[in-house]
Amino acid sequence: MPGTVQSIERAAAVLRLLAGGPGRLSLGEIARSLDLAKGTAHGILATLREVGFVEQDRASGHYQLGAALLRLGTSYLDINELRSRSINWADPLAARSGEAVRIGTVLDGQVLVVHHVFRPDDTFQTLDVGTLLPLHATAMGKILLAYRATGVAPPRELDQFTRRTIVTTRALAAELAHVRETGWSAEIEERTPGEAAVAAPIRAHGGLVVGAIGISGLVERVCDSHYQPRPRLVTYVRDAARAISRDLGAARR
């Protein structure tokens, strides 16, 4: 049997590193992490960029996964599979948090709600499955933007829904950087006054983000006295996201 091809192994290592990282990485960071000479790492990145598997930021020169790879990596995962793998974890999350749970993915530049578990009380609620939500003004949307889920790109126009909605590309970029740093996102009265939400990424094989899971409810329940999401709720959401990701073949994180 022939041996492995070293260049392909190294290219795969680069892609895994970018998929698992918190954001864009420099050439030096990639070379050091994989113990490669800078020239070797640059040649691999140049080839991956040429075929669309890697993109390079013009301003910083840093690298991230490209749209072509994101489409390829998740082509096997349709909405029904995402929903079916998530159902077992959505109900327990609603029970633990006491809030409504939604699972979303990208469709036509928006967040498509593919599963919705009602808040476990007797109040009137409307089923949101099939609803399309804005990317920039929702916790799930910020996750999908921050991790460049399949087919997603920052919206050109940021519609304002409340006085707290992010409406500038600079503010949105800063928010997405914070999401990548912390591994979760929040939405506090950005789409609907009086409501808040927390979300975390759902990953598939290779660490690629294919969806998001989140809880939402009244600000006074989701947030503490400092107007910040309650840590226990953030933990519940992140634990559920990790569990779904493991079911989809993502490595334990």
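Among contacts in the protein between residues at least 6 apart in sequence, what percentage join residues at least 24 apart? After that, please zoom in on His42, which is found in helix α3.

Modeller: Happy to! This is a predicted model, where local features need pLDDT of at least 70 and side-chain atom pairs count only at pLDDT 80 or more, while totals for chains, interfaces and linings use all residues. Residues are numbered from 1 along each chain as its sequence is written, and side-chain values use heavy atoms, leaving out hydrogens and water.

To your question: 57% of those contacts join residues at least 24 apart, a contact being heavy atoms within 4.5 Å. The protein has nine helices and eight strands, taken as DSSP runs (H or I, at least four residues, for helices; E, at least two, for strands) and numbered from the N terminus. Of its 253 residues, 47% are buried, meaning under 20% relative accessible area with a 1.4 Å probe and protein chains only, against over 50% for exposed and in between for partly exposed.

Now to your residue. Helix α3 spans residues 38-50 and contains His42. His42 counts as partly exposed because its relative accessibility is 40%. Leaving aside neighbours within four places in sequence, His42 is in contact with Leu27 and Tyr63. Gly28 is 14 residues from His42 along the chain, and their C-alpha atoms are separated by 9.3 Å.
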